[in-house]
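Welcome! Here is a short briefing to read alongside the sequence and the 3D view.

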Number of protein chains: 2
Amino acid sequence: MIATGVIVEYNPFHNGHLYHIKQSRELTDADIIIAVMSGHFLQRGEPAFVDKWTRTRMAISNGADLVIELPYAFATAQASDFAKGGVLLLDALQCDYLCFGSEQGSIDPFLNTYTLLEEQNASFQQFIQEFVKSGLSYPSALNKAYQALIPDSNAQFVDLSQPNNILGYHYIEAARKFQTALKPTTILRKQAGYHDPVQEGTTIASATGIRQAIYEQQDIEHVSGFLPSASFDLLNEWSQGNQPFASWTYFWPYLRFTLLRLTPGELKEYAEVTEGIEFLLLEAAKECTDFISFMKKVKSKRYTWTRIQRMLTHIFTNFTWSQLKSMDTPRYIRILGMNQNGQKYLSERKKSMSLPLISRAASSKEPMLLQDIKATDLYMLGLGKNKMGLDYRIPPIRI
Amino acid sequence: MIATGVIVEYNPFHNGHLYHIKQSRELTDADIIIAVMSGHFLQRGEPAFVDKWTRTRMAISNGADLVIELPYAFATAQASDFAKGGVLLLDALQCDYLCFGSEQGSIDPFLNTYTLLEEQNASFQQFIQEFVKSGLSYPSALNKAYQALIPDSNAQFVDLSQPNNILGYHYIEAARKFQTALKPTTILRKQAGYHDPVQEGTTIASATGIRQAIYEQQDIEHVSGFLPSASFDLLNEWSQGNQPFASWTYFWPYLRFTLLRLTPGELKEYAEVTEGIEFLLLEAAKECTDFISFMKKVKSKRYTWTRIQRMLTHIFTNFTWSQLKSMDTPRYIRILGMNQNGQKYLSERKKSMSLPLISRAASSKEPMLLQDIKATDLYMLGLGKNKMGLDYRIPPIRI
C-alpha cells in the first residue's frame, strides 16, 4: 500500500488543489493520499477562511483519504518550521512519498540547491545575517544570500524567490535533516502567481485571489468556476448559515482590544515579536480604526506583511516565544477526517506509528494540543460563535 | 473659604446625589463643593453607565464646583483602599470637611466604632481571619467580627452591615490614620436601600435601581422623576446618539474573549484574583454565553458578587496584584471639570497643594495615570467607539 503525503491549508479548497491531489496520486501510484492540514490559523498569519472541519470535508470530498491537523505551533510558523512540522507528521504516518506543488516543477533542482546550501552553509548563514542587518526582510535576505552563492542562475538550481519553491526547499531540508524515509517529489503548480486575482475564462485561481474576490463581492457565485462542486457547496452552506468568512478585518475589534490591553513589555514576549516593533504595534492600534490601515502603518521594509500578521496571530492567541521554543517537533497525530480507505490505513498501521493518534481532544495537558484547542475557541469567538471546546466534541469527519 | 469634599461615583447622578450636595453645603456652610469621582470603572467592579466626562457635566450642573478623578487603582478597590484614595485626594485639595451619606446619619457612632476597633484591633483582625477561614466573604466576616466586639448593638456604635456605613467607617479610618486635617461629617441617606428598585410616587431611588430600570425598559423616560433635569438631559443626549449604556452584559464578548485567551497561571496574577478561582473563571467563561449566567456559575459564599466583578474589571483592564501593591497613595490631582468657583479655588490654592495638578494627561509615564488612560481606551472599545487616547485630548469640562 503506497501512501503519499501532501502538506496543505485548503483555504479554501480549489481546482488547483484538486489537480495537486490527482497528480500526486498518479505520479507516485498512491493507494492513499494523506493531507496534513493547518487548523484555524495559517502560515501567512491569518485566520482560516472557514473552519478546519469544513476544510476537512472539502479535502475528503475531493480525493484526500485522511486529513491530519498540523498543530498551531507549526501551522503559523515561518517556512522552515512549518515544513518541519508537516514533514515529521507525514513521516510518523509512514508515508512513502511527499508530493508538493512548486513553481519549479521538477525535483532535481531542489536536491541540487539543498546540497549546495548544505555544503556552503557557513557562508550562506553569514550572508543572510549581513543582509538582514542591512535592513532586508528575512525572505529577501535569504534569497539574496542564495543568489550570491550560485555561480549562474540556471535550471540546475531552484529559484528561491518563488513562495512554493521556498516551501519545497524547506520540505527537502526537513526530510533530510531528520533522516526521514520520505521520498520527495514535486509537480508544477498549474495556476497563476500565488497572489494573483481570479481571471475569467480560466478554472484555476490562487486561494488568495478567490478569498479576495469573495470578500469584495460579498458573494460566492462568481468564483464557482474555480472550485470543485463539493467545495463550492460547502462554502455556500457556510454563507447560507449567515456565517461570516473569517479575516483579520472581521476579527479586528478583538485584535485591537487585545493589543491595546497589553503593555509594550508584554507584547514583546509573544512569538515573532522582535524588540522595537511593540511600540509601533501599540501606536498603530491606537490610531487606526480598521485592520488594513493598521497594517499599512506597521509595515516597513524590515518586516514582511506575512511576518507582521504572524506576530498578530500569536498576540491574538496568546502564544509566546517561550512556548514556540518549547514546541520543537509534533507530539501527536490529530485526525480531522477520513474516508474508509483512510480508516483502513490507520487500522493497519496505527500500532507501528511513532506518535500517539488522537481522534478527539480529551483532557490532555499537552501544551501543543492545548494551544490548538485555544486557537479554535478564539477563532470561534472572533466569528461571533458561542460554543467553546469544539475540539473536545467534534469527532473526526467521516465521508 | 470653606471647602467641603464628597467622594462619589454618580452612576448616574440622581436626586439623592443632589440632596447630598445641598445638605453637605448647608451643614458645613461650604463655599465650594469638591467631588472626587471614579472614572470608567467603579467600586462594585463594573463599567460606568456613561463616561466620566458626561458624569462630570451632571455633577457640575447640579452643584459641584470642582470634579477630580479618583484614579482607577482606588476607584476599583475594596472599600478601605477606595476610601483611602478619596480621603487623601480631598486632603491634598485642602478640603476642610468630608461629608458622606450614610444609613447611620450621625457622626458620633462612626467615631466610637473607629476608637473601639482601633483599641481592639488585634482581636478584631483575628476574628476576621477566623471567619474568612470558615468560608465567609470578607465583608460578612468583618461584620461578624465587629458584632463579636461590641457589648450590645446600640446607637453608640454604627451598624456595619450597611454598605454606606462601611464606606463611612473607612473614610474615618483613612482620615485618622493618615493624620489629615479633614473634619468628617455625615448626613442621613434619603432613599431606599442601596440596591432597591425604583418605586412610583417617590423622587429618590438608588443608582442601581435607576440603571436596572433603564436596562430593562430600554428607555429613560420612566426614570425622569428620579433625576435632576440636567442629569436626565445628558442621559437622553447619550441615548439619542445611539450610544449604549455600558454594562458587563454589553462588554461580555470582550470580557469572555479576554478570559479565554488567558491561562490559569496568568489569571491569578490579576488584582483580587485569589488562588483557585482562576479555574472556575475559565470553566464558566467556556460554558456560559452571557454575563449573568457566567456570574451565577462563579458566585459562591466565599466571594461576593462585587468582589468577583472587581476581579473581572482587573482582568479586563490588565491590572495585576503587583501594580495594585505598587500604587499605595494618589500621585496626582486630575481635574475632570469645574465651574468658575472651582477654578478660582484652584488658582488660589494650587501652589500649596501637596500633589501635582493635571488638566489633561500629557506624555506622562506615571503608571497610575497610564492605567486611568488604558481604562478609558478599553471602556471606549467596549462601547464600540473608535477614538482612543481621549484622556490626552479632552480638556476639563467648564460650565
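By what turn and what shift along the axis can chain A be laid on chain B? A turn of 180° and a shift of 0.0 Å along the axis do it, with an RMSD of 0.0 Å. This is a predicted model, in which local features need pLDDT of at least 70, side-chain atom pairs count only at pLDDT 80 or more, and totals for chains, interfaces and linings use all residues. Residues are numbered from 1 along each chain as its sequence is written, chains are lettered from A in the order in which they are written, and side-chain values use heavy atoms, leaving out hydrogens and water.

**The two copies**
- Tyr254(A) has the C-alpha nearest the axis in chain A, 3.4 Å from it.
- Both copies use the same surface: 100% of the contact residues of chain A recur in chain B (contact means heavy atoms within 4.5 Å).

**A helix pair in chain B**
- Helix α2 (residues 52-61) and helix α10 (residues 229-240) of chain B have axes that come within 9 Å and cross at roughly 160°.
- α2(B) and α10(B) are therefore roughly antiparallel (an angle over 145 degrees, on a scale from 0 to 180 between N-to-C directions).
- Thr54(B), Arg57(B), Met58(B) and Ser61(B) of α2(B) make the contact, with residues including Leu234(B) and Trp238(B) from α10(B).

**A residue in chain A**
- Ser38(A) lies in strand β2 (residues 32-38) of chain A (strands are DSSP runs of E, at least two residues; helices are runs of H or I, at least four).
- Ser38(A) is buried, with a relative accessible area of 0% (buried means under 20%, with a 1.4 Å probe and protein chains only).

Definitions and conventions:
Parallel < 35°, antiparallel > 145°, perpendicular 65-115°, else oblique. Buried < 20%, exposed > 50% of the residue type's maximum accessible area, 1.4 Å probe, protein only. Least-squares fit on C-alpha atoms with pLDDT ≥ 70 in both.
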